[in-house]
Every structure is written in structure tokens, then in C-alpha cells.
Amino acid sequence: MSNPTRCAACRFLRRRCPQDCVLAPYFPSSNPERFSCVHRIFGASNITTMLEQLPVHLREAAADSMFYEASSRVEDPIYGCVRIISQLQHHILEAQSELLKTNGQIAFNLAQHQLHQQQQQNAVHGVSYHQDQQISEPSGLSSEMQAFANDCYLHP
Ligand SMILES: [Zn+2]
């Protein structure tokens, strides 16, 4: 039994399209350019072998990937899709570097804002920033922590 309408691959290769043609689902007769492009780069037997080696649920993605690679190679015979991949990687690096710079700027602005607020509070209470630092440091231990420390000292 053969398909009443041959798939693009079988039509291109001038052969009978069997009912279980492995290429038919991915190379419909409505899109002959898709098969001719992939065939030009990979060759019909390689396409068939690659698809046959894959589980059925992955074949569509593989055929799409082969078409993408083949059309990129036709457009750019030297670099193919590698040019697009490296351009995208470059964009990612640029975006990551921009993100790092922005996060650094945010942290810097936040620190400046906090310092400014602290200085304003100190000015209201008539204490300079430097003195306040010295005053506030000994109270670093909470009363609970001090109680715990005393407890350890008294009952080792
Ligand atoms: Zn076919």
C-alpha cells in the first residue's frame, strides 16, 4: 500500500511513498522546499537514518532542527547557524554584563541612601557619624545574647 499523495521527500526522490514512510509526517507534500533544502545539506539517507534512530516523539523537533540548520547553511555557507548561535551568545553576555552593572549601581545607590539617612538622623540628634559608630558598636549583643553569655560564664 502506498500513500495516495506522496510526501515531499518521496516526490523529490521519485519513489513510491509507503504507508509507514518515516519522512512523510515531517516533510508534507505541501512544502517541497523544506525537504529539498534539508536534502541539499544532509542527504536523504542521512535524514532517514537520523529520524529512524530517534523515538517518535522527538522526530518532529529533530526534523525542525535539521531544517533550521540546513536553511542557515544555505544562507551562510561558511558559518551556517553557528553565526546565529555566537551572535545570541554575545547578546547573552552583553545582557549579563549590563545586569551586573545595574545590580552594582543599585547596591551602591542603596548604600549611599542609607548612609545619607544615617547622617541626617545623627545631625538631628547632634551626633557625628563617626561618634555614633563608636557608640552603637558595644550594643551589638542583644540583651538575650548577653544573658546567655553570662550564663555560660557562671555555669560552665
Ligand atoms: Zn514518503
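1. Helix axes are lines fitted to C-alpha atoms over the stretch in contact, and the angles between their N-to-C directions run from 0 to 180 degrees. Two packed helices are described by the angle between their axes and the distance between the axes. The structure discussed here is a predicted model, in which local features need pLDDT of at least 70 and side-chain atom pairs count only at pLDDT 80 or more, whereas totals for chains, interfaces and linings use all residues. Residues are numbered from 1 along each chain as its sequence is written.

2. Overall fold. The protein contains seven helices and zero strands, where helices (H or I, at least four residues) and strands (E, at least two) are DSSP runs numbered from the N terminus. Its pattern along the sequence is α-α-α-α-α-α-α. Of its 156 residues, 12% count as buried; a residue is buried if 20 or more other C-beta atoms lie within 10 Å of its own, exposed if 12 or fewer, and partly exposed in between, with C-beta atoms placed from the backbone. Among contacts with a separation of 6 or more, 37% join residues 24 or more positions apart, a contact being two residues whose C-beta atoms, placed from the backbone, lie within 7 Å.

3. Nonpolar core. A nonpolar core is a set of buried Ala, Val, Leu, Ile, Met, Phe, Trp, Tyr and Cys residues joined through C-beta atoms within 7 Å. The largest one here has 16 residues, and those with the most contacts inside it are Cys7, Ala9, Leu23, Phe27, Val38 and Met66. At least two residues of this core come from each of helix H1 (8–12), H2, helix H3 (44–53) and helix H4 (56–75). H4 gives the most, with four residues. In soluble globular proteins, nonpolar side chains tend to be buried together.

4. H2 against H4. These helices pack at an angle of about 75°, with their axes 8 Å apart. H2 is therefore roughly perpendicular to H4, a term covering angles of 65 to 115 degrees. On the H2 side the contact is made by Arg34, Cys37, Val38, Arg40, Ile41 and Phe42, and on the H4 side by Met66, Phe67, Ala70, Ser71, Arg73 and Val74. By class, this contact has eight nonpolar, one polar and three charged residues. Here Ala, Val, Leu, Ile, Met, Phe, Trp, Tyr, Cys and Pro count as nonpolar, Asp, Glu, Lys and Arg as charged, and the others, Gly among them, as polar.

5. H2 against H3. The angle between H2 and H3 is about 95°, and their axes lie 7 Å apart; the two helices are therefore roughly perpendicular to each other. Val38, His39 and Phe42 in H2 meet Ala44, Asn46 and Ile47 in H3. The residues of this contact divide into four nonpolar, two polar and no charged. Not counting residues up to four places away in sequence, valine 38 touches Ile47, Met66, Phe67 and Ala70.

6. Serine 36. This residue is found in helix H2 (residues 32–42). Serine 36 counts as partly exposed because it has 15 C-beta neighbours inside 10 Å. Serine 36 and phenylalanine 12 are 24 residues apart in sequence, with 7.3 Å between their C-alpha atoms.

7. Helix H5. H5 (residues 81–124) has 44 residues and reaches 64 Å from its first C-alpha to its last, close to the 64 Å expected at 1.5 Å a residue. The number of its 44 residues that are buried is zero, so H5 lies largely in the open. Just after H5, glycine 126 takes a positive phi of about 65°.

Conventions: Angles under 35 degrees count as roughly parallel, over 145 as roughly antiparallel, 65 to 115 as roughly perpendicular and the rest as oblique. The expected span of a helix is 1.5 Å times one less than its number of residues.
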